[in-house]
Amino acid sequence: MDLGLKNRVALVAASSQGIGLATAETFAAEGCRVAMCARNAQALQSAAEKIRSQHKVEVLAEACDVSDASAVSRFVSEVVDKFGAVDICVTNAGGPPAKGFLSTSLDDWNSAVAANFLSTVYFAREVIPHMQRQRWGRIITVTSLTTKQPLADLVLSNAVRAAVVGLVKSLANEFGKDGILVNNVGPGFTATDRLRELAAAQASSLRKNESEILDRWAADAPLRRLGEPREIAETIVWLASERASYITGQTLLVDGGMYKGL
Ligand code: NAD
């Protein structure tokens, strides 16, 4: 299937590892020019170099903290200076720590709001005017299964991700007339460093080992396994493609069927 993405400019935030990195690689495999960012410049540059040599596409990689509005503004300007456009913007960030409500501090809440909600506001403000000018754009947010099904000890994610869904639907309504499609992808338990961190935290509080926790999470999904970053990435790339041109304002879970509702 031709996804119609060749030469499009795809910006993928928080992409030095995990789901962000897999997404940048998958856009590159479709012939997109790719812009990547993360806080750690060294890990980011080596990820970018690997993508350049494997897929022979142009890659811009810049250190940027997505919870800093002026850093996001500078990064988007650099992308537009280099590529002349930003067609696709995937917003992503590291997830908040696993905590029950009374263990959270106000700093935890402020950090979660900044990284997991405001970062999307910052990117949307910067990219939408460019997308409006070309009357084509895709914004895809990476959130979580928690947008539909709150999980124990993830109160920061459960609460803050819901705001992203409200924003996605609002942007989809407001900018559909400009050819800008806005959707949200919610991963379930996916085999990345983030998941191993969550498993380690739960293992130490339950006095179990990490692999028991991971096995239990895998068994909870009807597909009886964890997701792979590639599987989230391929969904994001499909949503950005011409093959998903009448889909906007949606949350699509990629969770092996883990969500228990209808
Ligand atoms: P990860 O921890 O493996 O990777 C996170 C990436 O974000 C890294 O590249 C890191 O450098 C970058 N990053 C973190 N904070 C940043 C910041 N402030 N500015 C710029 N870059 C930053 O995480 P992942 O598993 O790939 O998850 C990506 C997102 O999906 C997270 O929000 C996570 O909570 C969410 N999610 C993951 C899972 C899962 O099972 N892995 C499930 C549901 C939701």
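I'll start with K56, in the loop between α2 (41–55) and β3 (59–63). K56 is not a glycine, yet its phi is positive, about 55°. A14 is another such case, a residue other than glycine with a positive phi of about 50°. A14 is found in the loop between β1 (9–12) and α1.

A word on the source. This is a predicted model, in which local features need pLDDT of at least 70 and side-chain atom pairs count only at pLDDT 80 or more, while totals for chains, interfaces and linings use all residues. Residues are numbered from 1 along each chain as its sequence is written, and side-chain values use heavy atoms, with hydrogens and water left out.

Now the ligand. Where does the ligand sit? It sits in the largest pocket; "sits in" requires more than half of the molecule's atoms to lie within 2 Å of the pocket's grid points. A pocket, on a 1 Å grid over the protein atoms alone, is an open set of points with protein on both sides within 12 Å along at least five of seven lines, and its lining residues have an atom within 4 Å of a point. The volume of the largest pocket is about 1100 Å³. Its lining has 45 residues, and N92, A93, G94, G95 and R194 are the closest to the centre. Volume here is the space filled by probe spheres set on the points, which are joined across faces, edges and corners.

At least two lining residues of the largest pocket come from each of α1, α4, α5 and α6. By class the lining has 19 nonpolar, 19 polar and seven charged residues. For these classes, Ala, Val, Leu, Ile, Met, Phe, Trp, Tyr, Cys and Pro are nonpolar, Asp, Glu, Lys and Arg are charged, and the others, Gly among them, are polar.

Which residues are closest to the ligand? They are S16, A93, R161, T190 and T192, out of 27 that surround it, where the criterion is a heavy atom within 4 Å. In this shell, α1 (18–29) and α6 (193–206) each supply at least two residues, and α6 gives the most, with three. The shell has ten nonpolar, twelve polar and five charged residues.

On to polar contacts, meaning pairs of N or O atoms within 3.5 Å. R161 has a polar side-chain atom 2.7 Å from a ligand oxygen. A93 uses a polar backbone atom, which is 2.7 Å from an oxygen atom of the ligand. R39 places a polar side-chain atom 3.2 Å from a ligand nitrogen. On its own the ligand has 840 Å² of accessible area, and the protein covers 92% of that; the areas come from the Shrake-Rupley method with a 1.4 Å probe.

Next, the second largest pocket, with a volume of about 320 Å³. It is lined by 17 residues, and those closest to its centre are A152, D153, L154, Q202 and W217. Both α6 and α7 (210–220) supply at least two lining residues, with the largest share, five residues, coming from α6. Ten of the lining residues are nonpolar, four polar and three charged.

Last, cavities. A cavity is a set of points where a 1.4 Å probe fits but cannot get out. How many cavities of 30 Å³ or more does the whole structure hold? The search finds one. The space in the largest cavity is about 60 Å³. Among the residues lining it are A93, N116, T141 and R161. α4 (106–134), β5 (137–142) and α5 (155–175) each give at least two residues to that lining, and α4 gives the most, four. The cavity lining divides into four nonpolar, seven polar and one charged.

How values were computed: Polar contact = N/O pair within 3.5 Å; in protein donor to acceptor, adjacent residues only side chain to side chain.
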